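Thanks for coming. Please look at the sequence and the model first.

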Amino acid sequence: MLLAFDTATARVTVALHDGEQVVATFTADEQMRHGEMLAPGIASVLEQAGAITTDVTAVAVGVGPGPFTGLRVGLVTARTMSLALGIPVYGVCTLDVLAAEAVDGGLSDFVVASDARRKEVYLARYVDGARHDEPAVLSPATAATDEPVVGRGAVLYPEAFPDARRPELPSAAVLCDLVVAERYPLVDPEPMYLRRPDAAPR
């Protein structure tokens, strides 16, 4: 039983996969409340499926890129569950989760741009559905393109990304499918920040 969640964007998304299909989902679009919403989300999908924590045999987590605080919530939770239950944890680039849903929707060549705050986007280009380059953090003006663009960045900066497509935010149900089918590279559960945190020790 695979438990998957992503906290790298404004959304907290959680899903449970029983080995054959996704059997429960939870979504909360409440910014700045990742720490409050993830645990209830996990409890919700387990309850929906009639399962308990010890039924979980693997964890999948979005590794970003994303803001420091939200991203840390998901990764710390995934690592803690892995240690407590003695189960593997798989990391997935959050941009790949968005890309997988875009490919399922019929796109082939496109860009994924998520909100990086500070009037910037986290961006990667996909060719024939595969990621063509490493994620980068760029200004919308620098990244501007007429190609189809999925992710919150296209919604926030329509002047730079006029051809906005779905999805806007990631889905843990898609993350489950991505891991089970190994559609994109699985990585270590290490945060992909791409920039230094706002707070630093003196």
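A residue is called buried when its relative accessible area is under 20%, exposed when it is over 50%, and partly exposed in between, using a 1.4 Å probe and protein chains only. This is a predicted model, where local features need pLDDT of at least 70 and side-chain atom pairs count only at pLDDT 80 or more, while totals for chains, interfaces and linings use all residues. Residues are numbered from 1 along each chain as its sequence is written, and side-chain values use heavy atoms, with hydrogens and water left out.

Now the cysteines. Cys 93 is buried, at a relative accessible area of 2%. Cys 176 is buried as well, at 0%. A disulfide here is a pair of cysteine sulfur atoms within 2.5 Å, and a search of the whole structure finds 0 of them.

Next, helix α1, residues 34-49. Helices are DSSP runs of H or I with at least four residues, strands are runs of E with at least two, and both are numbered from the N terminus. The expected span of a helix is 1.5 Å times one less than its number of residues. For the 16 residues of α1 that gives 22 Å, and the end C-alpha atoms are 22 Å apart, so the two agree.

Which residues of α1 are buried? They are His 34, Met 37, Leu 38, Gly 41, Ile 42, Val 45 and Leu 46. On the other side of α1, Ala 39 and Glu 47 are exposed. After the helix comes Gly 50, with a positive phi near 65°.
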